[in-house]
Amino acid sequence: MLQKTIGIVLHALKYSDTSNIVDIYTELHGRTSFLVPASRSRRSAVKSVLFQPLSIVELEADFRTTSSLYRIKEVKAYPFHSVPYHPYKSAIALFLAEFLYRAVKEEGENAPLFAYLRHSIEWLDECTVDFANFHLVFLMRLSRFLGLYPNLEDYSRGDYFDLLNAGFTPLKPYKHSFFVNPEESYRITRLMRMNYDTMHLFGMNRADRARCLAIIHEYYRLHIPGFHDLKSLDVLQELFD
């Protein structure tokens, strides 16, 4: 059945000399895989160059229930103003696309999650200053949609952050080593209270951001089966260093 939907590009993989497999998080069907021609011809209705990390695309595809790999009939990309042309933003986009590819597994419609992803990408594209904390805030807020948001209700200054049990505790965990010290726990709680409009008010240096990102990465790795190390993480860290 031919159907139109909007999607966010997560990952592209060469399938053969003539086609690629592209994973897209769509508004109507959740995470979906498409077979996309590798052709760069101007006459092609489906150009592979449109499927860049975190690109927002409007597509028409044949969603047949008998297939898990769909074919796109037509596609157009929403134009970015800055993300592909700004070295920091493009590095953030590459990293977050890989992160979402590893973290978001669900198929089926999830309107709140899709709306959050689209709003966040558009915010990054339109923002001109003070976006250094964007990827950190994005990942902490994403955990709400995935059912992984840490419990803040019982937090008190001086608590440890227990990564394995997704909560804060006044006592140092002794049965495992997946926790962070009170100073870093406090920084994480501040990060959890940020949003895109207020995050510039929370001062963090590069070392602070790198450490927060390492903690978030470890947290997701502990709670999502098969969440592997991210290739783009080192690229992002090097760029911001």
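This is a predicted model: local features need pLDDT of at least 70, side-chain atom pairs count only at pLDDT 80 or more; totals for chains, interfaces and linings use all residues.

User: What makes helix 3 and helix 5 roughly parallel?

Analyst: Helix 3 (residues 134-145) packs against helix 5 (residues 206-223) at an angle of about 25°. Angles under 35 degrees count as roughly parallel, so this pair gets that label. Their axes are 10 Å apart, and the crossing is left-handed.

User: Which residues make the contact between them?

Analyst: On the helix 3 side you have His135, Leu136, Leu139, Met140, Leu142 and Ser143. Helix 5 brings Arg209, Cys212, Leu213, Ile216 and Tyr220.

User: How many of the residues in that contact are nonpolar, polar and charged?

Analyst: Eight are nonpolar, two polar and one charged.

User: Why are strand 7 and strand 8 called edge strands?

Analyst: The open sheet has three strands in the order 7-6-8, with antiparallel pairing. Strand 7 (167-169) and strand 8 (179-180) each pair on one side only.

User: How do you know that strand 6 and strand 8 pair?

Analyst: Pairing takes at least two bridges, and two bridges join strand 6 (residues 160-162) to strand 8, so they qualify. The two run antiparallel, and Asp162 stands opposite Phe179 in strand 8.

User: Which helix lies across those strands?

Analyst: That's helix 4 (residues 182-192), which lies across strand 6, strand 7 and strand 8. Helix 4 runs at about 70° to strand 6.

Methods:
Residues are numbered from 1 along each chain as its sequence is written. Side-chain values use heavy atoms; hydrogens and water are left out. Helices (H or I, at least four residues) and strands (E, at least two) are DSSP runs, numbered from the N terminus. Contact means heavy atoms within 4.5 Å. Axes are lines fitted to C-alpha atoms, for helices over the stretch in contact, and angles run from 0 to 180 degrees between N-to-C directions. Angles under 35 degrees count as roughly parallel, over 145 as roughly antiparallel, 65 to 115 as roughly perpendicular and the rest as oblique. A crossing is left-handed if the near helix is turned anticlockwise from the far one by less than a right angle, and right-handed if clockwise. Ala, Val, Leu, Ile, Met, Phe, Trp, Tyr, Cys and Pro count as nonpolar, Asp, Glu, Lys and Arg as charged, and the others, Gly among them, as polar.
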